[in-house]
Amino acid sequence: MTCALWLRGDLRLSDHAGFALMSEQTKPWVAFFNLDPSLADALTPHKRAYLMSALADLDERLSAGLSLLSVDPVTTLPGLLATHGIDTVYTHGSVGPGMRRRLNRAAKAFRNQGITLEALDTAYAVPPGTLRVQGPSAANTSTVQGYRVYTPFYRAWRPLALETEPIETPSILAPERLARDFTLGTPDEAGGERVAHADLERFLRERRARYRSDRDFPDRAATSALSTHLHFGTLHPRTVIASLGPDDEKFLAELAWREFYADVLHHHPTATTTELDPRFRSMQWRQDGDEPELLAAWKQGRTGYPLVDAGMRELRATHLMHNRVRMVTASFLIKDLHFDWRIGAQYFEEQLLDGDLASNRMNWQWVAGTGTDAAPYFRVFNPILQSKKFDPDGNYIRRWVPELAGLSADAIHAPFEHLDPTSIGYVTPIVDHRIERQITLARYEAAKRSD
């Protein structure tokens, strides 16, 4: 036994560079998942359910040969693998700065045991860092950098993405099994490769034709529903792109946002916690201990703005949220309640099944006006106008805010303008959007002047 495949965020058999390589081995090999004890406590029940179902699905495809470890990846894992004669470990690369640091520490510990750790693939069609902007002095390598604007990135990314093809992998493999530090049930509808491919087929069959026209309306089943599968790696974007046709340009462009933000984070790893736009690093935001009743109202969906409340209640109930509503709820926290965007980003990551670090953090920076856009700081989503435009009949609101189910389409977007909301079990607005918008714009202008 000489090599092993360390599965981390690539929990599938098909279109998998690691399994394709393992299938060519002439000696016994190992495939393992390690549930890092230091990270296990942060695994919320909904994420654990998806993870365990995905692992069970993969284990079944590997003829019950998946090794399940739960050891420290630096102090214990290298020695454990060395005792089994393993000298090479393959895994996929990561873009998150924290994971990159952990992998670097593990690689050093592996080397001390005579083991090489090698990254084979990434979770993206075009690996982050591949595309570079050529500056005025192309001969000077210091002028070569990553893209900061989406549109030119997309133009450069698109031909490369369309050229990628899924990696052929045997449908059944049988690795040697080292250990089982924790047990699995049977695959179920919580998640996994089987569910991922079923959702992809459903999107292509039932939703793709309506994607461009309906994707922004949260009451319509028009999104791909693939984000969780892409996040856990039970589906690779290569597979998705290969299934698309010339009429799917809008969906391809949306896939590219995920790749764009991963590329941005690759080049700017501090962007998970630091504003990309230095003009706004001095902004003073409300923190966790400031106005706790306002933060709690936002989390619980009790702000008095129905679209915001519907989104936050959907999040707590399903651990997902429609993308349009994510922007509205994020804008409300930052620009109506003046809370630090990092607080919202962290809460979303705790709650969301598809809480991809790069996409989540960069989207929160986009809403905060501190990220990759040239001048979006003055964009303040009006929760009432957004509600009227994207949930015109109020069906999304009625589903998640049942107190308002009896209101007309005219009244449901701003009930406080038509009646006393408390009379029907709802709440009055916790802030006045018009006033808070002006406060927000003044704060951003002041930050620009002080830069």
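Which residues are buried in helix α17 (residues 383–390)?

## Helix α17

In this predicted model, the buried residues of helix α17 are P383, I384, Q386, S387 and F390. Viewed down the axis of α17, these buried residues fall within an arc of 165°, so they line one face of the helix. The exposed residues L385 and K389 are carried on the face of α17 that is turned away from the buried side.

## Nonpolar cores

The largest nonpolar core holds 86 residues, and within this core the members that touch the most others are W157, W298, F348 and W364. Helix α11, which spans residues 249–267, gives the most to this core, contributing 10 residues.

If its neighbours within four places in sequence are left aside, W157 is in contact with A125, V126, L131, I241, L252, A256 and E259.

## The crossing of α12 and α15

Two packed helices are described by the angle between their axes and the distance between the axes. For helix α12 (residues 292–300) and helix α15 (residues 341–351), the axes come within 12 Å and cross at roughly 35°, and α12 passes α15 in a right-handed crossing.

On the α12 side, L295, W298 and K299 meet I343, G344, Y347 and F348 of α15, and the residues of this contact divide into five nonpolar, one polar and one charged. Two of these residues, W298 and F348, are also among those that touch the most other members of the largest nonpolar core.

Note on methods: Residues numbered from 1 in each chain as written. Predicted model: local features only at pLDDT ≥ 70, side-chain atom pairs only at ≥ 80, totals over all residues. Heavy atoms only, no water. Core = buried A, V, L, I, M, F, W, Y, C linked by side-chain atoms within 4.5 Å. Buried < 20%, exposed > 50% of the residue type's maximum accessible area, 1.4 Å probe, protein only. Helix = DSSP H or I, 4+ residues; strand = E, 2+ residues; numbered from the N terminus. Contact = heavy atoms within 4.5 Å. Axes fitted to C-alpha atoms, helices over the stretch in contact; angles between N-to-C directions. Left-handed = near helix turned anticlockwise from the far one by under 90°. Nonpolar A, V, L, I, M, F, W, Y, C, P; charged D, E, K, R; others polar. Arc of directions from axis to C-beta.
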